[in-house]
Amino acid sequence: MFPTPIQKASGPTRLAYQIALPIALVIWLFPLIGVAVTSLRPASDLAAGNYFGVPSSIAFENYASVFRDSPIGWYILNSFKVTIPTVIGAVGLSCLTGFALAVYGFRANLWVFFAFVAGNFIPFQILMVPVRDLTLKAGLYDSTLGLVLFHVAFQTGFCTLFMRNFIKGMPFALIESARVEGVSEWQIFRHIVLPLMRPAIAALSVLVFTFVWNDYFWATVLVQGQHAMPVTAGLYALNGQWVAAWHLVSAGSIVAALPPVLMFFLMQRHFIAGLTLGATKG
Amino acid sequence: MAEVSLSNVKKDFGAISIIKGIDLEIKDGEFCVFVGPSGCGKSTLLRMIAGLEDISQGALRIGGRDMTKIGPSDRGVAMVFQSYALYPHMTVGENIGFGLRMTGHEKAEIAKRTAAAAKMLQLEPLLERKPGQLSGGQRQRVAIGRAIVRNPEVFLFDEPLSNLDASLRVQMRGEISRLHQDLGATMIYVTHDQVEAMTMADKIVVLSAGRIEQVGSPLELYHRPKNLFVAGFIGSPKMNFIPVDARPHNGGIEVTLPGGATLQLAGTLAAAGKMTLGLRPEHASATGAGDAVLPAKVQLAEHLGSETLFFVSLADGTEIAVKADGLAAERPGDTMQIGFPARACHLFDADGNAVLNGDLTR
Amino acid sequence: MQHDPQPAGFWKRNQMKIAPYVFFAPGALMFSIYVLIPIVQSIWISFQDWDGLGPKTWIGLANYVELLDDDTFYVALKNNLLWLGLYLLAIPMGLAAALFLNQNVWGIRLYKSMFFFPFVISQVVVGLMFTWFYAPDFGLFSQMIKWLTGSEVAILADERYVTYGIIVAGLWPQTAYCMILYLTGLNNLNSEQIEAARMDNARGWRLLRHVILPQLAPATFIAMVVTVIGALRSFDLVSIMTAGGPYGSSQVLSYFMYEQALSEYGYRMGYGAAIAVVLFLIMMVFITLFIVRMIAQERNR
Ligand SMILES: Nc1ncnc2c1ncn2[C@@H]1O[C@H](COP(=O)(O)OP(=O)(O)O)[C@@H](O)[C@H]1O
Ligand SMILES: [Mg+2]
């Protein structure tokens, strides 16, 4: 283990470490804590200039008001309408493509690999004009479906690489053994590979959920009106309305950030497994 | 009827030729072992028979039918993998029945056959477990069970015992042999371990670098190796190879051993030359009994209790191994008299081909 | 128990040839329609004059020529380089955080999760948080500056500091990301090697430099990739925090492109596409480097 375990250090060092941990955390999360506190500060405090002191009362009222007086609830619903189908679509498709790339020797395998990797890393802007045009022509502009289709396609690239590597890590003899037993290729996918992909599916689902939930660029490019707007773009729009009403902006921010945060806490292991794929040898 | 026949079978991976032309007939019900050093192409050849690798050239027939271009599922073969390849998310019972289920067999039929296989392999108490909860030997048996349920005509094994510890290996060796007797199916078994080959095979195929070196029964290969490779590969400890000068003499062969002693061998030789004399450690005499006797210096003595293995150096420095009685007392540095019995000696020409086999069965 | 239908003869005979394409087609189709083909289309559009609705007019390299004369383009390019350079700081900072947290004390898992938090939050929210943080009068940061120096600075309204201010906001989640990569790397270190090195009396900095860092190379590589890509992709924060201002001083290529193609400045799709192509080319340099390395790794497997 590196660095040397703190347990081996002297008493004062250990104590210093234990004290340093929470202090470092508070400094690190300072902006977040500030926003969280502000989101619970009554508007009167802000008006009175009490920006940093102890709030005069805990104002859950801010949250109620955000939901009551703004369409944020609707925006959140839209975000779910975009995110959940995307997760299902992208993860589903990439199970198939990942399987194809991992199990069969394509002649153009290397080029396909290249295309998927490059597709992952390109700047969105290079896609913006054509994708917007395509979505308009398909009559999907300003709809959640238009966003879903794009996100599914784009995330499929990343997910395919992930799935391919995951399946490559499985013993190939499992597949060969089934082939000798007369099991068809589809059955191999369905009954052998798919059940073993569960951890990868879980990891990708949380990752894609987070990525897509947090997407802002495409939400502004492919959506204009309120009725399809996801919460990221919606929050930005509300920020324009709530000029200097920081207690509301803060409450809205917290609300918008909450679903991926909850997802992260619930599925932490999978999340990190997905994110760090490739960060270790092998 | 499931004889397997390969004619001029070849395999290339890209530009590299891995299997360089194999002709082989395996009779119905025979236990045939492919043996050879690792990397020589045994697995590749087996996988070609299974249909997991394309055959680049040549033809494969199983039970008289041309299978060269047929997919693995239609060849009537079952394969047991070195890693067992058990499906980790299925129970033992599901593992065994999976192939049948996927190929549309009746539920009752699957249950019946699974039960029969489980009984045969003593897997009954384990049917509900997952592979992760089994020991190595149990996993091995499940893998075999999965092969048995399908009533294949040909069983293929790729180093099935190499992941087991030594004592379990001996036990499973016996079980597979018994299975062969019970089922009477053709079995092709790949191993790099010549002891496995010797103990299990009806027929051994010695492979090296993608070619067959020799085909024969275990004793044939032991007593009549065709070349230096087979001679060195079969038998443990390895056969000793001693450089000698050989010439025709009095209707036989005379060889000059290191240190100048000569040995008369039966047989004929066309021309004199430098050759290699082969003598197995168990045939050399540590007590000096033989047709030629050479002084040698003990370098190392391995006392195994039942026997002693001496590594000794001859006059020219050639090291040879000699098997002796368990009570032999010589120690490193001592001098011994090593006896060479003429009828146990093999002679190989400069190309490594046998000129003469010291066949003790004759 | 259900049986999958038995495949018909033709399928069965040819499934090894057909199956790969059947599995591959749906995803590949989607990816082509929405990613691969649009790249080509964008390059095509960059040679046109187009408002997004009317007919396109071929104008050759005119968009690019105009770009070379556009001052905002150079500001954006300069800022992108600044982003790239400073964003890389996330890697050593992430490593430092990971080393700090790689202990086995009570509650450390929660600490690790909390440190990782910024990455999970949408950049829109991060942008708003930092806007608030920097806000004059009541922003915490401004207050601290005021307390330290006596004078107030409106970071996001000051051409000198605005880009740095946004980059700091970007570094916050990016450092968290690098940290988690390194934590995983540290978790998978070969402990025998470390013990051997400790026996050889290597410790502290030397141990880190000669034994630990080489073992963390895969993590460093991934951190590099995501950080470079992240820096060049920076859009959300610029859009949220300043919309490129004040006076275009915090422009970056990605936002500049968006602004030209889709905002009140007019729908100049061709010009926007040309900017995107330039950004794409810059990115391709890095992508190619990464892929060459990935393929080399793949070969070594
Ligand atoms: N798919 C493949 N592509 C290229 N070379 C291969 C492939 N499979 C096996 N080989 C090569 O073929 C040779 C024989 O392999 P194998 O049949 O596995 O040997 P054995 O089972 O006798 O140890 C080895 O040198 C191996 O590297
Ligand atoms: Mg092998």
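Helices in these legends are DSSP runs of H or I with at least four residues, strands are E runs with at least two, and both are numbered from the N terminus. Please keep in mind that the model is predicted.

Figure 1. Let us begin with the spans that come from a database record. An unreviewed UniProt entry carries the annotation "transmembrane region" for residues 15-37, 82-103, 110-128, 148-167, 188-213 and 244-266 of chain A. Two of these spans are described here. Residues 110-128 of chain A are 84% helix and 0% strand, and the C-alpha atoms at the ends of this span are 27 Å apart. Residues 188-213 of chain A are 96% helix and 0% strand, with 33 Å between the end C-alpha atoms.

**Figure 2. The annotated domain of chain B.** Here too the boundaries come from a record: the unreviewed UniProt entry gives "domain: ABC transporter" for residues 4-234 of chain B. Across residues 4-234, chain B is 36% helix and 26% strand. The end C-alpha atoms of this stretch are 24 Å apart.

**Figure 3. The shell around ligand 1.**

**Figure 4. Contacts to oxygen atoms of ligand 1.** A backbone N or O atom of Gly41(B) is 3.0 Å from an oxygen atom of ligand 1, and for a backbone N or O atom of Lys42(B) the distance to a ligand 1 oxygen is 2.9 Å. Thr44(B) takes part through its side chain, with a polar atom 2.5 Å from an oxygen atom of ligand 1. On its own, ligand 1 would expose 560 Å², and the protein buries 57% of this area.

**Figure 5. The largest cavity and its lining.** The structure contains 3 cavities of 30 Å³ or more, and the largest has a volume of about 60 Å³. Chain A supplies Ser177(A), Val180(A) and Glu181(A) to the lining of this largest cavity, while chain B supplies Ala78(B), Met79(B), Phe81(B), Ala143(B), Arg146(B), Ala147(B) and Arg150(B). Helix H9 (172-180) of chain A, strand E6 (77-80) of chain B and helix H4 (136-148) of chain B each give two or more residues to this lining. Of the elements, H4(B) gives the most, with 3 residues. The lining of the largest cavity divides into 6 nonpolar, 1 polar and 3 charged residues.

**Figure 6. The second largest pocket.** This pocket has a volume of about 1,200 Å³. It is lined by 33 residues, and those closest to its centre are Gly51(B), Leu52(B), Asp54(B), Met16(C) and Lys17(C). H9 of chain A and helix H1 (9-45) of chain C each provide at least two lining residues. The largest share, 8 residues, comes from H1(C). Sorted by class, the lining of the second largest pocket holds 12 nonpolar, 8 polar and 13 charged residues.

**Figure 7. Two backbone features in loops of chain B.** Most residues other than glycine have a negative phi, and most peptide bonds are trans. With that in mind, look at the peptide bond between Ser236(B) and Pro237(B), which is cis, with an omega of about -5 degrees. Pro237(B) sits in the loop that links helix H8 (228-233) to strand E11 (240-249) of chain B. Then turn to Asn151(B), which is not a glycine and yet has a positive phi of about 45 degrees. Asn151(B) belongs to the loop between H4 and strand E7 (154-158) of chain B.

Notes:
Residues numbered from 1 in each chain as written. Chains lettered and ligands numbered in written order. Predicted model: local features only at pLDDT ≥ 70, side-chain atom pairs only at ≥ 80, totals over all residues. Heavy atoms only, no water. Polar contact = N/O pair within 3.5 Å; in protein donor to acceptor, adjacent residues only side chain to side chain. Areas by Shrake-Rupley, 256 points an atom, 1.4 Å probe, with all protein chains shown as cover. UniProt positions renumbered as here; feature names shortened; annotations may be inferred. 1 Å grid on protein atoms, 1.4 Å probe; cavity = no way out; pocket = protein on both sides within 12 Å on 5 of 7 lines; lining within 4 Å. Points joined across faces, edges and corners; volume = space filled by probe spheres on them. Nonpolar A, V, L, I, M, F, W, Y, C, P; charged D, E, K, R; others polar.
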